[in-house]
Amino acid sequence: MKNGTSAFAAGPQRTLSAHGIMGMINLQRGPYLVLITGREAAGSIGTSTVYRVTETRVVKVASDKPTREYDAIDEATYLKLLDNALGTKSFYFSYDMDLTSSLQRQSKADQQPLYKVASDEFFFNKYLSESLIAAVDAYEGAGVFVLPVINGFFACHQMRVRDTTFNYVLVTRRGRKRQGTRYFSRGADEDGNVSNYAETEQIVDFAAPNASTSTSLANLQMSYVQIRGSIPIAWAQVANMYYVPELKVDFNQSKPRFDRHIEQMLDTYGQVVAVNLVNKVKYEKPMGDAFAQLSTQVKSPHYRYVHFDFHKECSKMRWDRISLLLAELGESIDSFGYFQRTLRPEAQPDQMQSGVVRTNCMDCLDRTNVVQSELARLILTRQLRNINVFSATDTIGSFPALQQMLNHVWADNADYVSCAYSGTGALKTDFTRTGQRTRLGALQDGRNSVERYIRGNFFDGERQDGIDLLLGRYRVQPNEASPFTQQLTLESRALVGTAYICLFMLAYAFFYPRNGHWFGFSNVMFTMAWIAVLALVFATVRSSHTAELVNWPRLVAYQYRPAISHTNGSLSLPLVNRWLGSGDIKASSRSSDSRGNWPTDKKLA
């Protein structure tokens, strides 16, 4: 530069410490870096440390001065959605091991940068990493800046059985191709990707530094993989403010989606046993019937379908009857085996897992968690007997510390997966933690069920938007119309305003009871009257205004959203508008365009 002046002479305006780069995302103002600014060691696999992301930071790249026209409110909304999606505390990574792949897939991989061998399904930040990958591809050694991150669960516990020490590792990898929230992401898409798809791997690790040094067990690793995923057909549960949402099944569109999904599973895992846990009667029956009918059309000898009505077979807390399912799966479990290797230079695996059990219920959460945990115990017992850590008569129950650890780690896994999908902890974890179904656990399940209802109807649309933004299903375009506009009809405004008045009056009756007594006749009558009005408002909303007042996704149009009737939509109630906040401030011509994107005339069985 002239006179020796450097463009960087002034130095950086600020510095940040980061443990890794999750990637980069473009919003209205341009690119932002997503940095991992907090981490904690969660355990290890072999000698590789696995870290949990505890804090992230989204940082504007280059100048803070906007280079083009943008909407500051929209930009702040995008950043809030992104922060919420990143704040789940269920992201994990390793600097020197491909955490996106099972030990068996790792054993087949070449020595390349992690991002080149990472699983396309479980590389959760792959969209965020696209620009980094494009930048480093041409430079040898630059691949270390691309850090594959998984979303799911990881736990590592050192265990001692008699004189043998090993690490027990449980890792769940959630797929990225069709993730979302409970009611806004169901079934399979056109490419065969299913909602809430996840791979869970149980590892018995003698290659960890603190493991047993016995010659026969040194550097030994054994793993067993299971998968879960939504029923692979075209179906949906449409939030409608009823406790049980409307079920839609499109059988005509299901077969190509089902076939692609099964083909993908067979290509990835070799053999598949699909275990369907939904009810064979009433509400869930159409799902089971469709799954069974399509399964009969699969010609591959490597695919098998098993339907186990969990609620019927295990009714009245007879959870020991899961053994009936395990017995039915016995032949397949025996033939699939598990993966085993000894970590030595050029050493080949001792054995491979040749198939996988694919488990599902409606949500692929609660019933699925129970069955997967029982299958994991069965395989762990078999593994430890085969290497003489267990005697022929030993069981998990013979070692209380081991049993307690398994109970808690599988319950924690259930909670993490459930929180990511439904927003609450899993149901039935009292059985997973204690081995028994308890009445206290049933009460906790009731609380979680109510919370799921509230979240599914009034909060999950925004959470779905955050996931769509994080995974790249929605990409912000420069100078686009705002996706956050919302125009409520006069009726909806009046109903919401009335609900606010009811809540105010109920709060008034609580804090300032009439005649100074909560249970005085006049105060009780006053309270009951306003409760009745609030109930009437809720019933009216539920019957005809869910299209506006359910919390729907706004970034990617939800195809089953009911049509909005805009009768009297141009009228307004100023006082109610203030209560509703800024939701209607930016109403524009986009509302009519958006309505055209929501098909409501789909013929569904």
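Reader: What makes H5 and H6 a crossing pair, and at what angle do they cross?

Author: This is a predicted model, so keep that in mind throughout. In it, the axes of H5 (residues 254-269) and H6 (residues 285-295) come within 11 Å and cross at roughly 65 degrees. The crossing is right-handed. On the H5 side the contact is made by Ser254, Lys255 and Phe258, and on the H6 side by Phe291, Leu294 and Ser295.

Reader: How do the residues of that contact of H5 with H6 divide?

Author: Three are nonpolar, two polar and one charged.

Reader: Why is glutamine 372 called buried?

Author: Buried means under 20% relative accessible area. Glutamine 372 has 0% relative accessibility, so it counts as buried. Glutamine 372 is found in H9 (residues 366-386). Leaving aside neighbours within four places in sequence, glutamine 372 is in contact with Thr200, Gln226, Ile227, Arg228, Thr359 and Trp410.

Reader: What about cysteine 364, buried or exposed?

Author: Cysteine 364 has a relative accessible area of 0%, so the under-20% rule makes it buried. Cysteine 364 lies in the loop between E14 (356-360) and H9. Its phi is near 60 degrees, a positive value in a residue other than glycine.

Reader: Why is arginine 162 called partly exposed, while arginine 344 is called exposed?

Author: Exposed means over 50%, and partly exposed is what falls between that and the buried cut-off of 20%. Arginine 162 has 49% relative accessibility, so it counts as partly exposed. Arginine 344 has 51%, so it counts as exposed. Arginine 344 lies in the loop between E13 and E14. Arginine 344 and alanine 218 are 126 residues apart in sequence and 9.9 Å apart in space, C-alpha to C-alpha.

Reader: Which residues of H4 are buried, and what covers them?

Author: In H4 (residues 126-136), Tyr127, Leu128, Ser129, Leu132, Ile133 and Val136 are buried. Their cover includes E1 (20-27), E2 (30-45), H3 and H13 (460-471). As for the spacing, an α-helix has 3.6 residues a turn, so residues three or four places apart point the same way.

Reader: What makes a space a cavity, and how many of 30 Å³ or more are there?

Author: A cavity is a space where a 1.4 Å probe fits but cannot get out. By this rule the count comes to one of 30 Å³ or more. About 50 Å³ of space lies in the largest cavity. The lining is made up of Glu121, Lys177, Gly192, Asn193, Val194, Tyr197, His261, Gln264 and Met265. Those residues divide into three nonpolar, four polar and two charged.

Reader: What is the volume of the second largest pocket, and what lines it?

Author: A pocket, unlike a cavity, is an open set. The second largest pocket has a volume of about 910 Å³. Its lining has 40 residues, of which Asp98, Arg105, Gln106, Ser107 and Ala109 lie nearest the centre. H2 (103-108), H3 (114-117), H5 and E13 (339-342) each supply at least two residues of that lining. The lining divides into 15 nonpolar, 16 polar and nine charged residues.

Technical notes
Residues numbered from 1 in each chain as written. Predicted model: local features only at pLDDT ≥ 70, side-chain atom pairs only at ≥ 80, totals over all residues. Heavy atoms only, no water. 1 Å grid on protein atoms, 1.4 Å probe; cavity = no way out; pocket = protein on both sides within 12 Å on 5 of 7 lines; lining within 4 Å. Points joined across faces, edges and corners; volume = space filled by probe spheres on them. Nonpolar A, V, L, I, M, F, W, Y, C, P; charged D, E, K, R; others polar. Axes fitted to C-alpha atoms, helices over the stretch in contact; angles between N-to-C directions. Helix = DSSP H or I, 4+ residues; strand = E, 2+ residues; numbered from the N terminus. Left-handed = near helix turned anticlockwise from the far one by under 90°. Contact = heavy atoms within 4.5 Å. Buried < 20%, exposed > 50% of the residue type's maximum accessible area, 1.4 Å probe, protein only.
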